[in-house]
Amino acid sequence: FIGQSSLKYNFNKWAIGVSNENLWWGPGIHYSLILTNNAPGFLHYTINTQKPIETFLGKIETQLIGGKLKNSNIVPSENDNPYAAQWYIPKDTSERYITGMVFSLEPKWTKNLYIGFSNMAYMYTKNMNGLEDATPLSNFSKFTQLKKRPALGSLFLRYAMPKDHAEVYFEYGRNDRGATPLNIFYDSVATGYVAGVRKLFPISKYANWGTISLNL
């Protein structure tokens, strides 16, 4: 209930601190598989880049977060149906901890092409095991299910064409754990994808006249 507030220490191109801002991860315009800003933000720590960082591979951007989720105590809508309500088993309302990360690379050999990944996992705080569960680095583990630590992840790419005022993007994700090129098609799990093309048509040669946007 503190809105889009944050308290961060900025140094060079990095920032570290606490935030309540809601976040959008991934290249999708209307949808995202891992994290969207459609819901209010939750209190979390963040370590993130503020600007792209030059490396020998190209420009990178990243963010790591961890925070706590509180139960809304909203019962399923099916409870309005007396026949469905009798089978409802209330879930544990204990506080949960959520952690995730997003990473994007613009390779120096392919300008305006962005490739990356994101993941997220959560578990009840009473089941946490120190730093092992406090960071998103273990979200790739196949043991997340055994630890009652639901996880999901995605791989994505975006190609921008600034001169043509256009872009193409694609995101493919899986359940169980963070997605990697090695496990994205490895086993039969629930998967999903987001794909699209956006093209802007300037109304006039004067930029302040605006554009018409075509989204597919």
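This is a predicted model: local features need pLDDT of at least 70, side-chain atom pairs count only at pLDDT 80 or more; totals for chains, interfaces and linings use all residues.
**Lys-68 and its partner**

I started with Lys-68, which counts as partly exposed because its relative accessibility is 46%. Which residue does Lys-68 form a salt bridge with? I found Glu-95, with the closest N and O atoms 3.5 Å apart. The two sit in distant parts of the chain: Lys-68 belongs to strand S5 (residues 58-69), Glu-95 to the loop between helix H1 (82-85) and strand S6 (96-107), and 27 residues separate them. I checked the cover on Glu-95 as well, and at a relative accessible area of 29% this residue is partly exposed.

**Asp-92 and Lys-126**

Next I looked at another pair with a residue in the loop between H1 and S6. The side chains of Asp-92 and Lys-126 meet in a salt bridge, 2.6 Å from N to O. Asp-92 is in that H1–S6 loop and Lys-126 in the loop between strand S7 (113-124) and helix H2 (131-134), so the bridge ties together parts that are 34 residues apart in sequence. Are the two partners exposed or partly exposed? Asp-92 has a relative accessible area of 30%, so I put it down as partly exposed. Lys-126 reaches 55%, and I noted it as exposed because the cut-off for that is over 50%.

**The rest of the salt bridges**

How many salt bridges does the structure hold? I get 5. One of them joins the side chains of Glu-21 and Lys-8, at 3.5 Å from N to O. Glu-21 is partly exposed at 24% relative accessible area, and Lys-8 is partly exposed at 31%. I also wrote down a network: Arg-158, Glu-167 and Arg-198 are joined by salt bridges that share partners. As a reminder to myself, side chains of opposite charge can pair when their charged atoms come close.

**Largest pocket**

I moved on to the pockets. The largest pocket holds about 690 Å³ of space. It is lined by 24 residues, and the closest to its centre are Pro-40, Gly-41, Phe-42, Leu-43 and Leu-69. Which element gives the largest share of this lining? I traced that to S5, with 3 residues. By type, I sorted the lining of the largest pocket into 11 nonpolar, 9 polar and 4 charged residues.

**Second largest pocket**

The second largest pocket has a volume of about 490 Å³. Of its 17 lining residues, I listed Trp-24, Gly-26, Glu-61, Val-102 and Ser-104 as the closest to the centre. S3, S5, S6 and strand S8 (151-161) each supply at least two residues of this lining. Sorted by type, the lining of the second largest pocket has 7 nonpolar, 7 polar and 3 charged residues.

**Nonpolar patch**

Then I went over the surface. I found a nonpolar patch of about 1000 Å², made by Tyr-159, Val-168, Val-197, Phe-201, Ile-203, Tyr-206, Trp-209, Ile-212, Leu-214 and Leu-216. Strand S10 (191-202) and strand S11 (211-215) each supply at least two residues of the patch.

Phe-201 lies in strand S10 and counts as partly exposed because its relative accessibility is 39%. Where is Trp-209 found? I located Trp-209 in the loop between S10 and S11. At 54% relative accessibility, Trp-209 counts as exposed.

**Whole chain**

Last, I noted the overall layout. I counted 2 helices and 11 strands in the chain. Read along the sequence, their order is β-β-β-β-β-α-β-β-α-β-β-β-β. The C-alpha trace spans about 65 × 45 × 40 Å along its principal axes. What share of the 216 residues counts as buried? I have 32% in the notebook.

Note on methods. Residues are numbered from 1 along each chain as its sequence is written. Side-chain values use heavy atoms; hydrogens and water are left out. Patches are made of residues with over 30% relative accessible area and no salt bridge: like charges are joined within 9 Å, nonpolar side chains (Val, Leu, Ile, Met, Phe, Trp, Tyr) within 5 Å. Accessible areas come from the Shrake-Rupley method with a 1.4 Å probe; for residues, only the protein chains shown count as cover. A salt bridge is a side-chain nitrogen of Lys or Arg within 4 Å of a carboxyl oxygen of Asp or Glu. Helices (H or I, at least four residues) and strands (E, at least two) are DSSP runs, numbered from the N terminus. Buried means under 20% relative accessible area, exposed over 50%, partly exposed in between (1.4 Å probe, protein chains only). On a 1 Å grid over the protein atoms alone, a cavity is a set of points where a 1.4 Å probe fits but cannot get out, and a pocket is an open set with protein on both sides within 12 Å along at least five of seven lines; lining residues have an atom within 4 Å of a point. Grid points are joined across faces, edges and corners, and a volume is the space filled by probe spheres set on the points. Ala, Val, Leu, Ile, Met, Phe, Trp, Tyr, Cys and Pro count as nonpolar, Asp, Glu, Lys and Arg as charged, and the others, Gly among them, as polar.
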